[in-house]
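Student: Please take one part of this model and go through it closely. I would like one connected account.

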Amino acid sequence: MTITTQLTMLRVNGWQLYVWRDDDSVTLIDTGAPGSGEQILSAVPSVDRIVVTHGHVDHIGSAAELHQATGAPVLAGAGDAAAIREGAAVPPPVFEDWEVPIHQRVSAGLPDMAPPVPVDRELDDGDVLDFGGGAEILAIPGHTQGSIAIHLPRHGVLFTGDTVANVGTVMLGVFNQDRAQTVASLGRLAALDVETACFGHGEPISSGAGNRIREVAATLMP
């Protein structure tokens with residue numbers, strides 16, 4: 001799915017990830033579930049860096065396979081990096097009662113852990129990466145401790161990870177380790193001036209995304 005001339009969404013085995021293309025490099029945002037590498041590489045034969053928004057298996061699942069095939073460095077939030085390196089699960093969510101049957105349904109057949117992969121760079125709040133005209137990293141804990149968002153201010157693009165979702169409507173992401181912290185992180189994203197938002201789950205929004213996120217934040221913030 002083409003979102004902009006430089007931005008594409010891939011959906012592989014029901015999970016989604018994003019490809020950002022500059023003139024001189026290709027950046028993969030998230031990697032889908034384990035076993036997705038071959039399909040990803042058939043669409044994106046050359047990858048220069050892999051940035052993962054957090055340590056859940058549907059986002060880091062094929063990072064090891066892609067790293068081995070391409071040599072692309074893997075970058076991840078500092079709070080999740082140890083689990084990603086070890087192939088371990090990050091601490092589990094604290095479920096709202098209504099989330100339990102949803103999680104049971106969407107996680108069916110998905111392994112608890114992904115293969116271990118080296119994390120070549122641990123990302124902290126305020127880091128700037130060399131793609132998209134300067135990709136700003138925001139530490140947004142709550143969904144997981146090491147969750148990050150990636151903001152491309154020059155292009156008005158935001159990758160939210162699972163802190164925000166667009167499943168039927170724009171909403172706070174589900175299955176959070178700390179819901180109050182996730183709400184606070186959503187509020188931080190709502191302050192950004194963005195047109196395009198790319199979510200870990202649900203369709204991206206190519207225009208007016210910042211306003212949509214602010215509307216959700218206004219219903220949740222005290």
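Tutor: Helices (H or I, at least four residues) and strands (E, at least two) are DSSP runs, numbered from the N terminus. This is a predicted model: local features need pLDDT of at least 70, side-chain atom pairs count only at pLDDT 80 or more, and totals for chains, interfaces and linings use all residues. Residues are numbered from 1 along each chain as its sequence is written, and side-chain values use heavy atoms, with hydrogens and water left out.

Now H3 itself, residues 63-70. Ala63, Ala64 and Leu66 are buried there. They cover an arc of only 165° around the axis, which puts them on the same side of H3. The arc is taken from the directions from the helix axis to the C-beta atoms. Gln68 and Ala69 are exposed on the other side of H3. Buried means under 20% relative accessible area, exposed over 50%, partly exposed in between (1.4 Å probe, protein chains only).

What covers the buried residues? The cover includes strand S4 (26-29), helix H1 (37-43), strand S5 (49-52) and helix H2 (57-60). Contact here means heavy atoms within 4.5 Å.

S4 and S5 also belong to an open sheet of seven strands, in the order S1-S2-S3-S4-S5-S6-S7, with mixed pairing. Strands S1 (2-4) and S7 (121-123) stand at the edges, each with a single partner strand, so one side of each is left without a neighbour in the sheet. S6 (residues 74-77) pairs with S7 in the parallel sense over three bridges. Two strands pair if DSSP finds at least two bridges between them. Leucine 75 stands opposite arginine 121 in S7.
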